[in-house]
Every structure is written in C-alpha cells, then in structure tokens.
Amino acid sequence: AAPAAEATAAPAAEATAAPAAEATAAPAAEGNFQIPAVEDGKFNVAMVLIGPHGDGGWSQAHYEGLQFLEKDVPNVHTAYVENVPEGADSEQVFRSLSRKGFNLVIGTSFGFMDPMATVADEFPDITYVHVSGYKTNNTSFGNLFGAMESMKYLAGMLAGARAKQDGNPKLGYMATFPIPEELRLANAFALGMRKTCPDCTLDVRWINTWHDPVKEKEGAASLFDAGAQVVFTGADTPASAAVAQEKGKWGITYDWSGSCKVERCLTAPYWNWGPVYSRIAKAVQDGSYKVGYDYFDADSGALGLYGFMDGQTPTKGVSDLPADVIQQVKDTLAKMQKGEFTRFDVFAGPIKDNTGKEIVPAGQKLEQADLDQFDPKSGCKFCMYWWAEGVSAELPKLS
C-alpha cells in the first residue's frame, strides 16, 4: 500500500466532478495523519482512502462521490483522510474519526475490512460502510460493493475483438492482490474476451499493490513486452494506457471516468459512487438504512463503460471494430441497465477453467458467496479459486 502521509483537502481547482462543497481536513494531527473535525449541527461523513484523492483512478472516483454527496444531501459535512495503508494504521484512523464523532465512516479498500470491524464494535452508534469486502455485523458495520464484473465482461468483449482484428490474440491483466475480487474481475474479463475472440489468451502479472505508479508501469510494460496486444488493470492509475501509448498497443484503464485520456486507451470500466453514497447517507440519517450486504448492479447507474454511456463517444480503438461486436456490447449493456443481465448472468454456465475442468454446469450460475469467497468452508459452492478458460497463468498461492 502507499506510504502513510498527512491527509489534506484538495484545492477546489483540482476537483473534476460537478461543483460541490469542498471536503475538508482539520490541522490537528494524531499519529501520522491529519484527522478532520466534525461540524456541530450537521450529519458528518468521513471517508478513508487507500491512495491520494487525485490518483486518476480508484481513490479519485470515491473522492468525487463524496463531493457529490455533500452537494446532494442537505446539512451534510464531509471530510477525508488519504494515503492510509491497510492494517494497523487504518485501524488508528478509523478509531480517531470515531472519537471525533463522525456519524458515517466509509472505508474504501479491501484491507480496511478487519480494522473497521474492530472499531465498529467499540462505537456501536456510528455507521461504518466498508467497500469491497465481505464481512458485516448486520447492525453498524456493513459491506458495500457493485457488479464491476459486468463492466469488465463488456471490456473483455471489446479487448478480444481488438486483439483479433490486430492479428495478435494475446492479452494481459495486471493484478493487485490474490483476493477473490481480483480473480472474479479477471475471469469476467476473460469470459468476455472469449465471446469475441475464442482463440485469445490472457496473461497475468501480480504487482501486490493497489497504488504504485512505478510498479504499475513496470507491470504493464512486462505484459506488453511478453507479447500482449491489450493490457487491462486492477490497480489505481492509468498506467496500462500510458505504457500502451508508448508501445503502440492498447490499454484499458479502471475506476474513474476520466482515466481514459490517451489515444491508445481502449475503454475504462468505472464507478459512479455519488448516487450510491447519497442514497446511503440519506437512509442512515432517517434510520432506514439496512446495514449488511449492499451490492448493486448496473441498473443502479453507478457503473460505467467509457465510450458507451450517455454523452460519450467510443474511442479510436473501439470505433473501427466490427459493427456486430459494438452492437453486441451495446445490447448487453442495455440489458444490464434494465436489470435483465446481472453479475450472476456473467457467470452463467457452462463455464470451464483453464485446465478444461467444468466449474459451472449448464443451467447454473454463481451466487454471491461464490463471487466473494475462495474456500467452500465459507459457504460458497463453486467459489472463485479458478482461472477461466483462456487464462495462461497459474493460480496464486494463498497465505
């Protein structure tokens, strides 16, 4: 994870979302971090970010969602702490925010899960929302995530078609940590890839970080140098597209709608957290929020595929793909937005792994526990410890 740094509020000029009241951080330091203060008489919301709020990816998407919340929900004060490593440092930050008196605390990285759970037990009157994990106490500490596998599936369809048209059926995935989320998203991408390019293969590089611009560029370069025509990423920065631009190939960025800027960016599956955070804040305020597993699909409006949403134009790398592929992506996206094609449909059988073993039989689909877990002892039937057909990598060793 990124090294600890003092959190500061971004100048208004840096914000790229719609104009909103600015999130602020107080000057008082506790440990290695600046812990923001609450505002009396307001509903106070704090967000903890794994990286910098302007990272061009994951953290920036959450930060802009926080800005949206403050503009959209009356009488709300928002603040954030950035560059918080997973583990003991994050537990310190969550506890400090709780002591300050925040009403709603949002943690935005997988490794914040256990620290948040610990602190939530100490402050039962505060609502804690953890993004991307799988634990909840069903009273004050809940889980939040969305079906990004749907957007990755569509991106895989585009990437497979691009590689096929370019005459190079090799693609690459820059993975962060060996957790179910990363295998799930890579498998969704691979399933989409094989829809449009049955002969395509997907190589994998593990970089073991969410946000490290140097490692991300090195990982992308390694995949391109190994022959990949298209590289997509599970990490935070737009490195995959930046390196693709240098090498004359194609990159797929992630997380933030503004990440797909260079000519050699094919598309970007991205999050639109604002409406989700506003919904939760309003519900916590009026007492109607049900703390537990809050998992949204594309019909929520909180997921996007760059170049295919309202007001967007397909990128150069997409615009010359076969018309039937583009239409297939549009039609599938439309079904997703209507709730007719969900994350479970992405993983509908028959599905084989990269050894030829049948993972999901015809007529069956993965369920939520299968998306979230590796171990059958955790309640999953099919689970997520497998690589889909076409992935040319070994399974990561689990600690």
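Hi everyone, let me start with a serine: Ser-140 has a relative accessibility of 4%, so it counts as buried. Please keep in mind as we go that this is a predicted model.

Where does Ser-140 lie in the chain? Ser-140 is in the loop that runs between strand S6, residues 127-131, and strand S7. If we set aside the neighbours within four places in sequence, the residues in contact with Ser-140 are Ala-120, Pro-124, Ile-126, Thr-127, Tyr-128 and Val-291.

You will find Ser-98 in helix H2, which covers residues 88-100. Ser-98 has a relative accessible area of 4%, and because the cut-off for buried is under 20%, Ser-98 is buried. A polar atom of the Ser-98 side chain lies 2.7 Å from the backbone oxygen of Phe-94. Again leaving out neighbours within four places in sequence, Ser-98 has contacts with Val-119, Phe-123, Ile-126 and Tyr-128.

Let's step back to the domains. The chain is divided into domain 1, made of 30-146 + 274-299, and domain 2, made of 148-271 + 307-378. To the contact, domain 1 brings 21 residues and domain 2 brings 26 residues.

How much area do domain 1 and domain 2 bury between them? The figure is about 2,000 Å², with 59% of it on carbon and sulfur atoms. On the domain 1 side, the residues that lose the most area to domain 2 are Trp-58, Tyr-295 and Asp-297, and together they make up 26% of what that side buries.

Across the interface of domain 1 and domain 2, the rule finds one salt bridge. For polar contacts, the search across that interface gives eight residue pairs, with both residues at pLDDT 80 or more.

Which elements give two or more residues to the side of domain 1 that touches domain 2? They are helix H1 (58-72), strand S7 (141-146) and strand S14 (293-296). Of these, H1 gives the most, with four residues.

Next stop, Lys-170. This lysine lies in strand S8, residues 170-175. Is Lys-170 buried, exposed or partly exposed? With a relative accessibility of 43%, Lys-170 counts as partly exposed. Apart from neighbours within four places in sequence, Lys-170 is in contact with Thr-201, Ala-226, Gly-227, Ala-228, Gln-229 and Val-230. For a sense of distance, take Lys-170 and Phe-33: they are 137 residues apart along the chain, and their C-alpha atoms are separated by 44 Å.

Last topic, the disulfides. How many does a search of the whole structure find? The search finds three disulfides. Counting the bonded cysteines along the chain, the pattern is 1-2, 3-4, 5-6.

Let's take them in order. Cys-197 is joined to Cys-200, with an S to S distance of 2.2 Å. The torsion about that S-S bond is about 85°, so the disulfide of Cys-197 and Cys-200 is right-handed. Cys-197 has a relative accessible area of 4% and is buried, and Cys-200 is buried with a value of 0%.

Then we have Cys-260 and Cys-265, whose sulfur atoms are 2.0 Å apart in their disulfide. Why is this disulfide left-handed? The torsion about the S-S bond of Cys-260 and Cys-265 is about -120°, so the handedness is left. Both Cys-260 and Cys-265 are buried.

Finally, a disulfide joins Cys-380 to Cys-383, at 2.0 Å from S to S. Here the torsion is about 90°, so the disulfide of Cys-380 and Cys-383 is right-handed. Cys-380 counts as buried at 6% relative accessibility, and Cys-383 is buried with a relative accessible area of 3%.

Conventions:
Residues are numbered from 1 along each chain as its sequence is written. This is a predicted model: local features need pLDDT of at least 70, side-chain atom pairs count only at pLDDT 80 or more; totals for chains, interfaces and linings use all residues. Side-chain values use heavy atoms; hydrogens and water are left out. A disulfide is a pair of cysteine sulfur atoms within 2.5 Å. Buried means under 20% relative accessible area, exposed over 50%, partly exposed in between (1.4 Å probe, protein chains only). Contact means heavy atoms within 4.5 Å. Domain bounds come from an automatic or database domain assignment. Buried area is the accessible area (1.4 Å probe) that two parts lose on being put together, summed over both. A salt bridge is a side-chain nitrogen of Lys or Arg within 4 Å of a carboxyl oxygen of Asp or Glu. A polar contact is a pair of N or O atoms within 3.5 Å; within protein, one must be able to donate a hydrogen and the other to accept it, and residues adjacent in sequence count only if both atoms are side-chain atoms.
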